[in-house]
Structures are given as C-alpha cells and as structure tokens.
Amino acid sequence: MAGTERVDGTAGEGRSTLFHRIGLLYTGDPDREEITDAALVVEDGRVAWIGASGEAPAADERVDAGGRCVVPGFVDSHAHLVFAGDRTAEFAARMSGERYTAGGIRTTVAATRAATDATLAGRAAALVAEMLAQGTTTVEIKSGYGLTVDDERRSLEIARRFTAETTFLGAHVVPPDAPSADDYVRVVTGEMLAACAPYARWVDVFCERGAFDAEQSREILLAGMKSGLLPRVHANQLGEGPGARLAAEVGAASADHCTHLTAGDVDALAAAGVVATLLPGAEFSTRSPYPDARRLLAAGVTVALATDCNPGSSFTSSMPFCVALAVREMRMTPLEAVRAATYGGARALRRDDVGVLRTGAAGDLVIMDAPSYVHLAYRPGVPLVAQVWKEGRRLV
C-alpha cells in the first residue's frame, strides 16, 4: 500500500516531498522515459530531483509508493465540458444503426443557451472532478455550445475557472437561427471573437461537411490568430477533407480527430510538426472507423490521446479508457498510448511543464494501483488510480 509519512509536523512553502519505492516510473521524458526502483522529489510544486530510490535525498515528507507504477498526470487536450442537457436518446438511436452527423450539436446548443451560469459551472465542475479522479491533471476546455456572442463569452468565463487551456470554438456549427453560414462567420470573426478572446488561449474550428468549409475555416483561424489566439482544428472526423492540411498551413498546434486522412494529409502534418490528437472515445460511441495511428507514428507525427468529452459523440471523462481503446482498437503499444496521453497531450497544448516528470516540470503525478502502466490496457475499466498529486499537493 502507498503511504504518506511526515518527517516533522510543520507545514509551509519551500517544503519537499519524496516519492520513493516506485516500482516503475514512466517519466514522459524522451531522454529517460522509464526508471525502475525509482524515486523523485517535488519541491514548491516542481520536480526537483529524479533518480534511483536508493540514492534519494532527504525531504520533509515521504510518500511510499509500495512498488507501484507512477506516471505523469494525464493531459486531456480536447474536451467540451461547458454544456447543459442530455443526448441519451440520440446515443440509443445511433446504437440502433442511425449514422452520426454534426447536426446533433444543435440539441445541446438549445439546452446550453437556456441554462443558468450555475448549472453550466456545476456540470463542468463535476466532469473536471471525474477527470481528476481518473488521473487527469491538465485539461483543455472548449466553448462551442452557445453560438451567440453572450453565450460563447460566458462559456469561456466558466471554463476559465477550471483551466488556463480554454478554446474559443464559436465555429462549432452554424446555428439554425443564423441567416447564412457566411453571415455567421462574420459574427464569429467580429463581435464574438472580440468578446471571447480575453478568456481564451486557443481558437478552433470544426472544418467538416455540415460545419465550415476550408475558406471559412481559414478566415476564422486567421482572425483568431490576429487577436493573439493560437490555432487548433477539428479535422477529418467524418470524412476526407481539408482540415488536416489547413492545420498544417496555419501552423496549428494540433489537428484533432484525424479519422480519415490521405497519405498527403499525413505528410503535411509531419512536415509542419502538427500534433495529431486522436479521440477514440468518439469512434467507440459512434461506431465509426478508428484512426490509423500506426501510419501517423510511422511518419513521425506526434500523437496525442484525448477524451473529446462531450454529451453527444464521446461522453467519457476517462483517459485510462482512451488508452485502452488506443491499444486495442488503434494498435498502439501500451508505451505509445501512455506517451500519447501524457507527453503527446502536452505537445498538443504546446506545454513542456506538464505530461512529463523531469527536473523543473510540474509535480503532477499519478500513483497507480498496479506495477506497470501496461495495466491501463491490460485491465480496462478497472479503477487503477490510487493517488493523484498536482503541483506537489495530493488531490485524490
């Protein structure tokens, strides 16, 4: 059993915590990815030392991992957590053979517009707590279920309570009350962007049939970039299209979904250094083909895994579940999958301080109730998270 022992009874800033007797430490650091019989020290919220358990320095507090595996906190770089309503009926219908289309988003838009701030914040808080309990210590949260200036702004204000990684997704779909797609794009790139940019780090667009075409998507991304936001793209989820290449063209941090890619799309992502964020929960929940992770990895593309947590097409908050799906359905190795859920997710957010355990990085870590991260796929659906620490503080 993992246990915590204080060397003295004092508390305060500058204190250090030693995690020792770690059976297997997965660091997420490409230079030193795995260490057996390991230890690490977190001081002032940051990793201060990593090495062999027998060489560990003294610290104010000791946490005995009891031979368990330790991994960095998971980085969920694609989630839609600010919403109201329920789409159980849509899911049940889809499981009966109906095909998923982007139109289902409008159901959530209506419920979200009608909800109070307290309702939206309460739902988001519950989902963030679920994520934390399953080892996610960094999460990105998008808007996109308001689709009016005021509703998109308040969605981002609420999201900002839970993370600094907030994404303006006013271009999720064209709302039914918009006069036309082009009229709505003018709103998104004008007054909506002006209202939302102060609360966002990222700008995103659903570049897809039934949503926004290449020209509209480019206009939205460039306007967001001009306002200081960083680009990312919902790309190639429902079929082949321009999304992945547009992500490469504008230098997006990530192209997300990447379910239907041509060889040219893969080459473009690799050449531009765009992360391919794969969302296997969406394929699981829509009975769609899974992305070809092996082709992306063979081309040298950095792959991330994320939940795509949303009420319509992937209502899961579990990164361990997505790791298991990636191994079983996308033929990633357990090492590749845990790497994608930590280091890859951090790359998709252009972060080098999370998703990795090395000197100077955030002290975000998960003590698993297992001897190896392989158990995430080997024992799918089993609660394997024993403790979760964020910036050196135990939260679970």
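Modeller: Let's start with contact, which means heavy atoms within 4.5 Å. This is a predicted model, in which local features need pLDDT of at least 70, side-chain atom pairs count only at pLDDT 80 or more, and totals for chains, interfaces and linings use all residues. Residues are numbered from 1 along each chain as its sequence is written, and side-chain values use heavy atoms, with hydrogens and water left out.

Biologist: Which residues is serine 155 in contact with, leaving aside its neighbours within four places in sequence?

Modeller: Those partners are Val82 and Ser143. Serine 155 itself sits in helix α4; helices (H or I, at least four residues) and strands (E, at least two) are DSSP runs, numbered from the N terminus.

Biologist: Is serine 155 buried or exposed?

Modeller: Buried means under 20% relative accessible area, exposed over 50%, and partly exposed in between, using a 1.4 Å probe and protein chains only. Serine 155 has a relative accessible area of 2%, so it is buried. Isoleucine 141, in strand β9 (residues 141-142), has 0% relative accessibility and therefore counts as buried too. Not counting residues up to four places away in sequence, isoleucine 141 touches several others, including Ala79, Leu81, Val128 and Phe162.

Biologist: Where is the kink in α5 centred?

Modeller: The bend at a residue is the angle between axes fitted to the seven residues ending there and the seven starting there. In α5 there is a kink of about 40°, centred on valine 188. Val188 is also one of the buried residues of this helix, and the cover over those buried residues includes α4 (149-159), β10 (166-171) and α6 (214-226).

Biologist: What about α12?

Modeller: Helix α12 (residues 334-348) has a kink as well: about 45°, centred on alanine 340. Ala340 is among the buried residues of α12. Just after this helix, arginine 350 takes a positive phi of about 50°.

Biologist: How do I read a pair of packed helices?

Modeller: Two packed helices are described by the angle between their axes and the distance between the axes. Axes are lines fitted to C-alpha atoms, for helices over the stretch in contact, and angles run from 0 to 180 degrees between N-to-C directions. Here the axes of α7 (residues 243-250) and α8 (residues 263-272) come within 9 Å and cross at roughly 20°. That makes α7 roughly parallel to α8, a label for angles under 35 degrees, while over 145 is roughly antiparallel, 65 to 115 roughly perpendicular and the rest oblique.

Biologist: Which residues of α7 meet α8?

Modeller: They are Ala244, Arg245 and Ala248, which meet Gly264, Asp265, Ala268, Leu269 and Ala272 in α8.

Terms used. The expected span of a helix is 1.5 Å times one less than its number of residues.
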